[in-house]
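My entries follow in the order I made them.

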Amino acid sequence: MITVYSDDHVGHDGKAELHDGKLVPSFEMPRRAALVLARVQETGLGPVMPPKLFGLDPVRRVHAADYVAFLEGAWDAWVAEHGPWDALPFTWIAPGMRRVVPDHIDGKLGYYSFDAGTPITAGTWRAVRAAADVALTGAELIVRGERGAFALCRPPGHHAHRACYGGYCFFNNAAIAAQALRDAGAERVAVLDIDCHHGNGTQDIFYDRGDVLFVSLHADPVQEYPYFLGFADETGTGAGEGANANYPLPFGTDFAAWSEALAHALARIAAFGAEALVVSLGVDTFKGDPISRFRLDSPDYTAIGERLAAAGLPTLFVMEGGYAVEAIGLNAVNVLQGFRA
Ligand code: Q9C
Ligand code: ZN
């Protein structure tokens with residue numbers, strides 16, 4: 001299986017995030033992608049290629065133009081105001097307030113975000129652009145007939161909405177890839193999100209569309225981030241009614257229970273008649289993950305890959321979360337090896 005990877009992520013290197021009332025070192029760090037890449041190379045999964053450059057047009061197919069422009073200029077605007085320390089928002093729009101775009105960068109950060117865990121740094125723009133190119137290059141491999149491809153994206157993307165960042169995500173790489181597959185002629189595309197957190201951004205981007213099915217297995221939002229989306233009664237709206245399926249699972253979920261939900265998810269995907277599958281591949285379902293509460297073990301990821309292969313669809317894997325850094329390479333590449341076997 002071909003892996004698409006760019007070094008351009010390394011400059012996205014947040015110092016800290018708000019966690020348990022403290023500013024702690026960012027869980028989402030450059031070493032994550034480096035270790036996944038190392039494991040790809042060690043295991044001989046297949047060739048590693050750099051992304052092609054697609055520009056921002058395919059990004060704007062799923063993200064608002066003003067949001068993309070904001071991200072491009074955010075670091076410079078922040079530095080001009082506060083100097084070169086990570087940009088973090090501290091206030092947001094609540095019900096009863098007005099949705100107006102502020103002039104000041106501090107207000108803009110709140111306007112375009114939903115949490116205080118997602119720093120913008122000097123290298124963020126370069127990294128988010130490269131991650132989108134990585135995903136788009138992976139999508140192109142699928143269009144050209146590859147049965148599977150791995151977009152080793154960093155930063156991750158599934159929490160990013162059309163015009164809003166958070167959850168360590170800026171551009172929604174999986175959504176950009178799914179849209180690119182549609183634009184290349186696939187009539188129906190499914191996105192299966194197996195990150196431990198609900199893919200709120202991806203769901204929202206496709207919520208009113210019947211051509212892209214979104215299916216997600218994740219920790220129940222009554223217990224876990226992102227808290228405000230990802231419930232089982234969210235089934236889509238308008239033309240998208242019936243094209244969204246959430247499988248919220250409790251803290252402590254092990255592979256047996258997770259696996260049952262996967263069977264339901266795969267049945268939904270089969271019934272939808274997708275021509276291609278995008279997998280939002282988070283491995284923060286691992287029992288050793290420092291911020292998640294599921295109990296999957298490393299060999300389970302191989303079994304997941306086998307199950308995904310059995311779905312029989314051309315499949316693009318897009319890297320999302322996973323914060324047990326020492327195990328991230330093993331767990332992520334186990335999925336890919338299971339798929340290939
Ligand atoms: N104190 C992804 O896995 N912060 N994002 C949790 C709790 C948000 C995870 C911190 C976690 C976002 C792509
Ligand atoms: Zn996650």
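Predicted model: local features only at pLDDT ≥ 70, side-chain atom pairs only at ≥ 80, totals over all residues.

Entry: I found 13 other C-beta atoms within 10 Å, so Tyr227 is partly exposed; buried would have needed 20 or more. Tyr227 sits in the loop between β7 and β8. I read its phi as about 60°, a positive value although Tyr227 is not a glycine. I then checked Pro226, which has its place in the loop between β7 (212-219) and β8 (244-249). The peptide bond from Tyr225 to Pro226 is cis, and I noted omega near 10°. I logged both features because most residues other than glycine have a negative phi, and most peptide bonds are trans.

**Entry: the loop between β5 and α6.** I went on to Tyr168, which lies in the loop between β5 and α6. Is Tyr168 buried or exposed? I counted 28 C-beta neighbours inside 10 Å, so Tyr168 is buried. Its phi is near 75°, again positive in a residue other than glycine. I also found Pro155 in the loop between β5 (148-151) and α6 (173-183). A cis peptide bond joins Arg154 to Pro155, with omega about 0°.

**Entry: Leu56.** I located Leu56 in the loop between β4 (48-49) and α2 (57-60). Leu56 has 15 C-beta neighbours inside 10 Å and therefore counts as partly exposed.

**Entry: α3 against α5.** For helix pairs I took down the angle between the axes and the distance between the axes. Helix α3 (residues 65-82) and helix α5 (residues 124-143) have axes that come within 9 Å and cross at roughly 155°. I recorded α3 as roughly antiparallel to α5, because the angle is over 145 degrees. Which residues meet here? From α3 I listed Leu71, Glu72 and Trp75, and from α5 Thr124, Trp125 and Val128. By class I sorted the contact of α3 with α5 into 4 nonpolar, 1 polar and 1 charged.

**Entry: α9 against α10.** I took the pair of helix α9 (residues 298-310) and helix α10 (residues 325-340) next; their axes come within 6 Å and cross at roughly 30°. That angle makes α9 roughly parallel to α10, and the crossing is right-handed. On the α9 side of the contact I listed Ser298, Tyr301, Thr302, Ala303, Ile304, Gly305, Glu306, Leu308 and Ala309. On the α10 side I listed Ala327, Leu330, Asn331, Asn334, Val335, Leu336, Gln337, Gly338 and Phe339. The contact of α9 with α10 has 10 nonpolar, 7 polar and 1 charged residues.

**Entry: ligand 1.** Which of its 17 residues come nearest? I noted His19, Gly117, Pro156, Gly167 and Gly321. By class, I recorded 5 nonpolar, 8 polar and 4 charged residues around ligand 1.

Key
Residues numbered from 1 in each chain as written. Chains lettered and ligands numbered in written order. Near = placed C-beta within 6 Å. Nonpolar A, V, L, I, M, F, W, Y, C, P; charged D, E, K, R; others polar. Axes fitted to C-alpha atoms, helices over the stretch in contact; angles between N-to-C directions. Helix = DSSP H or I, 4+ residues; strand = E, 2+ residues; numbered from the N terminus. Parallel < 35°, antiparallel > 145°, perpendicular 65-115°, else oblique. Left-handed = near helix turned anticlockwise from the far one by under 90°. Contact = placed C-beta atoms within 7 Å. Buried ≥ 20, exposed ≤ 12 C-beta atoms within 10 Å, placed from the backbone.
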